[in-house]
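Please work through each task before reading its solution.

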Amino acid sequence: MGIKNAAVIRITNICNERNLAINALANLSGITPSTLYSIIDSERKDIGIVVIKKLCDGLGMTLKEFFDDAVFFNLDQEVK
């Protein structure tokens, strides 16, 4: 699995754990819901670290807490 897919899974899992809708997370994070929905879209290839930081800020968590999850432990090589 690549980093983008892992990040989407992590975002989705956090929203589910916290019973938080995507729109609500976007509002908490200061980004538009359309931006967050486009990130979750499988057609999009990447997610910027600034957006992930904003999501973490909205969730009240650090980047370390976000990335310290099993979904990130065995990622595929991105450079081919």
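**Exercise 1: Packing of the first helix**

The buried residues of helix 1 pack against helix 2 (22-29), helix 3 (33-40), helix 4 (49-59) and helix 5 (63-67). The model is predicted, so local features need pLDDT of at least 70 and side-chain atom pairs pLDDT 80 or more, while totals for chains, interfaces and linings use all residues. Residues are numbered from 1 along each chain as its sequence is written, and side-chain values use heavy atoms, without hydrogens and water.

Task: State which residues of helix 1 are buried.

Solution. Helices are DSSP runs (H or I, at least four residues), numbered from the N terminus. Helix 1 covers residues 3-17. Buried means under 20% relative accessible area (1.4 Å probe, protein chains only). In this helix, Lys-4, Ala-6, Ala-7, Val-8, Arg-10, Ile-11, Ile-14 and Cys-15 are buried.

**Exercise 2: The nonpolar core**

Task: Identify the residues that touch the most other members of the largest nonpolar core.

Solution. Such a core is a set of buried Ala, Val, Leu, Ile, Met, Phe, Trp, Tyr and Cys residues joined through side-chain atoms within 4.5 Å. The largest has 23 residues, and Leu-25, Leu-36, Ile-47, Leu-55 and Phe-66 touch the most other members. Helix 1 gives the most to this core, with 6 residues.

**Exercise 3: A serine in helix 2**

Task: Decide whether Ser-29 is buried or exposed, and list its contacts.

Solution. Ser-29 counts as buried because its relative accessibility is 9%. Contact means heavy atoms within 4.5 Å. Leaving aside neighbours within four places in sequence, Ser-29 is in contact with Lys-54, Leu-55 and Gly-58.

Conventions. Helix = DSSP H or I, 4+ residues; strand = E, 2+ residues; numbered from the N terminus. Expected span 1.5 Å × (residues − 1). Buried < 20%, exposed > 50% of the residue type's maximum accessible area, 1.4 Å probe, protein only.
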